[in-house]
Amino acid sequence: MSKPMEKKEVLQAIVIADSYNENLQPFTGSSPLALLPIVNVPLVDYTLETLCRNGVEEVIIFCSNHIGEVKQYIQKRQAERCSWSVGMTVTIISSTSCRCLGEALRDLDARHIIRGNVILMGIDSITNANLAGLLEEHKRLLKVDAGAVMTIMLKDGVPGMRTGNEVMIAMEPSTRRLLYHQRLALQQSKGSFELPLELFLINRDVTVCHGLLDPQIAVCSHMALPLFADNFDFLTRDDFVRGVLINEEILNSRIYVSKLAREEYAMRVNNWQSYQMVNLDVINRWVYPLVPDMGISQFLQYYKCYRNNIYRHGDVRLARSSELAGDLAIDRHSSIDENTFLYQSTVGPNCTIGKGCRINNCFLFEGATIGDGCILDHCVIGKSVTVGSNCQIRDGAVLGEGVEIPSGMKIVKTLVQAAPPDSEWAGASKQLADRAYTVPEEQCEDEYNSDDDDEVKLLNQPVFLTELQRAYSPSIYQPSDDESESGEASPVQEDENIFLSEVVESLKRGFGEQTNAEYLILEINSSRYAYNMALSEVNFYVVKAILQILLLQENVQSNTVGTLRKILAYFGVVFKNYIRDKDAMLDCLKAFEEMSQSHDTIRQKIAQLVHYLYENDLVREEVIIEWYEGLEDEALQKALCKLVEWLNESSDEEEDEDESE
């Protein structure tokens, strides 16, 4: 008798297209969250590209707001045959009556379209994690525990930072079964937390983890949706987790935890502050392979990638005197006029920026027009916004689609929309100009608030875009006040030694196997966070590691510069990723200085090596001169004096030519 064919499980994913909060107003008031641009690419493309790369065959997008626009965009991308549309079915299910995650999942359960284990995530979750591996992990758990209803994904957070996504959990270390779950407030000031005593009395082993990032990504078994259907008080995923933990025995259901590896990225865009962080993370290639120049969800290279993480489309008009400082993405048909400075920002398609503007940590959407002499600092400029000359938009201000700001106006820490509120219940709104009204604050009545409402608010916290906290010291070369100039140098700390050895091993392996150098950046960044290294320390030790590998090469003594050229042909991507600005270039030269103290090959060829860095635009002239003037080693100064004289002469000649012109 023939054996019956085993039915293959279709890998499904549910994507919730709405956040069900007002955190990203005024954008979500006029446009779908799915089309919020991250480095000029809509959120939905990141989500679908990630699912496609993980072998998902069927995606259900559940949409409650701006349904027509979402459908139109999905159909357009499918017609263009984008990368995620090949081999993956995307279905949009809509219901305008749904006002929370629980209602959306109850609606899906009633339709009977989920056939087994399913990936559950929001459209606002950005990740490069191995979701297929997470699914397989959940399936293995089901074989051991048939009541494994959900596996939630968590990630180690950055110490001292709060995004509104952090949780504290307790779990059983051997099985990773979740025992306790508490969301942390965005402005959590207290340093101690209370845990129920029963947690430690009932369970022999308990591991408590604090400050984990929750990107709201999980794998659900076939039992999860019916649980939502049976419990109408499950409004959010946090409600579901809390309800299962309280009633584990009654429901015969358990939740497990999967922690991401250090090199894997996951973050939720739940407010304007996290929006800023995710944009900068994508620009800095933390979400590889979802990087700007690759053309996310496209089969072509979209941007040209320049030094200092500057991504420019081929069709951009850039004035010669404008300055692009780094961490930038500038889209097609945009123009930047004379004497304008940009740093850590994104400029959408068809944007126009006038003369003498200073733009720092700003996000300009499609068709934005900025007048001359404007100062934009930590703000969001929406689609088709017009800002007049000499305006100041700063400190977290967000201008919604179509807003027009007259010349000379200053807007600070304010959400602005183009039209007055369309409802008398919306709250007070102030008119700033003909097409500029403040967004009404959300109305709430304290007498109806409950403890459950307070917990829901932790997920729904409007946060202004502000300067990010510095998690690391700015430089290891700045002595503290209590250090004496004549004091003996401290020995290198053990963590720094371990970090250096890990970087050397990673670079050696990569150079020997000639693997993609982008992966080495991920490994170095992982080691950086593992040993809490400052960025300046990373710059210093990466260059030192490259020089150590240089000294291991054959014929390095007879052809030192040629060997460096060969080394940097492979390590150039790594070198340029870290040695980008003036401070990093100083770190680089100090690594050369330290290596010259113990290696004659580098000491004898120091001038030629530094000249090579200058000729290849890896280190700037003024940085070399500043480093040279601060050298205490007279022999090293003597070896470099001719190079510095030549640099000064060539600089004087350029100035004379400019004056004559």
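In this predicted model, Leu201 is found in helix H6, which covers residues 198–202. The relative accessible area of Leu201 is 64%, and because the cut-off for an exposed residue is over 50%, Leu201 is classed as exposed. Together with Leu197 and Ile202, Leu201 forms a nonpolar patch on the surface, and the accessible area of these residues together is about 370 Å².

A contrasting picture is given by strand E8, which comprises residues 148–156. Of its 9 residues, 8 are buried, and strand E8 is therefore largely enclosed by the rest of the structure. Strand E8 is joined to strand E13 (residues 254–259) by 6 bridges, and these two strands run parallel. With strand E12 (residues 217–220), by contrast, strand E8 runs antiparallel, and 3 bridges join the pair.

A polar atom of the side chain of Gln25 lies 3.0 Å from the backbone nitrogen of Gly29. When residues up to four places away in sequence are not counted, Gln25 touches Trp272, Val398, Leu415 and Val439.

For the chain as a whole, 20 helices and 34 strands are assigned. The chain has 661 residues, and buried residues make up 54% of them. Among the contacts with a separation of 6 or more, 58% are accounted for by residues 24 or more positions apart. The accessible surface of the chain comes to about 31,600 Å², and carbon and sulfur atoms contribute 46% of this area.

Definitions and conventions
Residues are numbered from 1 along each chain as its sequence is written. This is a predicted model: local features need pLDDT of at least 70, side-chain atom pairs count only at pLDDT 80 or more; totals for chains, interfaces and linings use all residues. Side-chain values use heavy atoms; hydrogens and water are left out. Buried means under 20% relative accessible area, exposed over 50%, partly exposed in between (1.4 Å probe, protein chains only). Helices (H or I, at least four residues) and strands (E, at least two) are DSSP runs, numbered from the N terminus. Two strands pair if DSSP finds at least two bridges between them. A polar contact is a pair of N or O atoms within 3.5 Å; within protein, one must be able to donate a hydrogen and the other to accept it, and residues adjacent in sequence count only if both atoms are side-chain atoms. Contact means heavy atoms within 4.5 Å. Patches are made of residues with over 30% relative accessible area and no salt bridge: like charges are joined within 9 Å, nonpolar side chains (Val, Leu, Ile, Met, Phe, Trp, Tyr) within 5 Å. Accessible areas come from the Shrake-Rupley method with a 1.4 Å probe; for residues, only the protein chains shown count as cover. A salt bridge is a side-chain nitrogen of Lys or Arg within 4 Å of a carboxyl oxygen of Asp or Glu.
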